[in-house]
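Subject: A structure for you to look at

Hello,

I am passing a structure on to you, and I hope you enjoy looking through it. Please open it first and then read on.

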Amino acid sequence: FVALAGSAKGQDEELARVQGKWVRTMKTDKGIFKVIKEHKGNETTLTVFDSEGVVVAAKRSEFRLEKTDKVRILTFFNNVITAGPQKGQTDKEPQSYVYRISGDAFFEVNGLLLDDKADPVVLTWERVKE
């Protein structure tokens, strides 16, 4: 992997593109959950709300952006669970996924990298306009 090869300007531009809040919904047997992730600098917060709007889980992590010749990769690490039943647990191990931003959509594709053990999953996030 190449950590966003190219000019510092190119690195800054790509980092700027991922900034802000992104939202998606999840259907479960307990209703529809809303998930919001916010990239601020090189830190991400992720919060899960139940169908009543109550926070049921949250975490904070750091991230870095990488680029190969063909895809962009977001790697997050130093996860700290900040809300929910696992509050206080940490995981320092890096986890990565392929991503692409198109307009106001952030496509996150897990399970495509060579060392991924799970099957591929595509998550689509929409930019939150504030």
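Below is what I found, going from the whole chain down to single residues.

One thing to keep in mind from the start is that this is a predicted model. The average pLDDT of the protein is 92, and 92% of the residues score at least 70. Confidence is lowest in helix H1 (residues 8-18), where the mean is 82, and highest in strand S3 (residues 43-49), at 98. Please be careful with residues 1-6, where the pLDDT is below 50. In the model, that stretch has 16 contacts beyond near neighbours in sequence.

Now to the overall build. The protein has 1 helix and 9 strands. Reading from the N terminus, the order of the elements is α-β-β-β-β-β-β-β-β-β. The radius of gyration is 15 Å, close to the 14 Å that the globule rule gives for 130 residues, so the protein is as compact as a globular protein of that length. Along the principal axes, the C-alpha atoms fill a box of roughly 45 × 35 × 25 Å.

How much of the protein is buried? Of the 130 residues, 30% are buried. The protein exposes about 8,400 Å², and carbon and sulfur atoms supply 52% of that area. As for how the chain meets itself, take the contacts with a separation of 6 or more: 30% of them are between residues 24 or more positions apart.

Across the whole structure, a search finds 3 aromatic pairs. One of the pairs to look at is Tyr99 with Phe106: the ring centres are 5.5 Å apart and the planes are at 10°, so this pair is stacked, as the angle is under 30 degrees. Both partners are buried: Tyr99 has a relative accessible area of 3%, and Phe106 has 0%. Together with Trp22, Tyr99 and Phe106 form one aromatic cluster.

Rings also turn up beside charged side chains. Arg24 lies over the face of Trp125, at 5.0 Å from the ring centre. Likewise, Lys34 lies over the face of Phe49, and here the distance to the ring centre is 5.7 Å.

Asn79 sits in strand S5 (residues 72-83). Is Asn79 buried or exposed? Its relative accessibility is 5%, and because the cut-off for buried is under 20%, Asn79 counts as buried. Leaving aside neighbours within four places in sequence, Asn79 is in contact with Lys59, Arg60 and Ser61, and also with Gln89, Thr90, Asp91 and Gln95.

Val56 belongs to strand S4 (residues 55-67). With a relative accessible area of 29%, Val56 is partly exposed, because that value falls between 20% and 50%. Which residues does Val56 touch? Not counting residues up to four places away in sequence, Val56 touches Phe33, Val48, Asp50, Ala83, Gly84 and Pro85. For a sense of distance, the C-alpha atoms of Val56 and Glu108 are separated by 22 Å, and these two residues are 52 residues apart along the chain.

Happy exploring, and do write back with any questions.

Best wishes

Notes: Residues are numbered from 1 along each chain as its sequence is written. This is a predicted model: local features need pLDDT of at least 70, side-chain atom pairs count only at pLDDT 80 or more; totals for chains, interfaces and linings use all residues. Side-chain values use heavy atoms; hydrogens and water are left out. Helices (H or I, at least four residues) and strands (E, at least two) are DSSP runs, numbered from the N terminus. Buried means under 20% relative accessible area, exposed over 50%, partly exposed in between (1.4 Å probe, protein chains only). Contact means heavy atoms within 4.5 Å. pLDDT is the predictor's confidence in each residue, from 0 to 100. Rings of Phe, Tyr and Trp (its six-membered ring) pair if their centres lie within 6.5 Å; planes under 30 degrees apart count as stacked, over 60 as edge-to-face and the rest as tilted. A charge sits over a ring if NZ of Lys or CZ of Arg is within 6 Å of the ring centre and within 35 degrees of the ring normal. The radius of gyration is taken over C-alpha atoms; the globule rule is 2.2 Å times the number of residues to the power 0.38. Accessible areas come from the Shrake-Rupley method with a 1.4 Å probe; for residues, only the protein chains shown count as cover.
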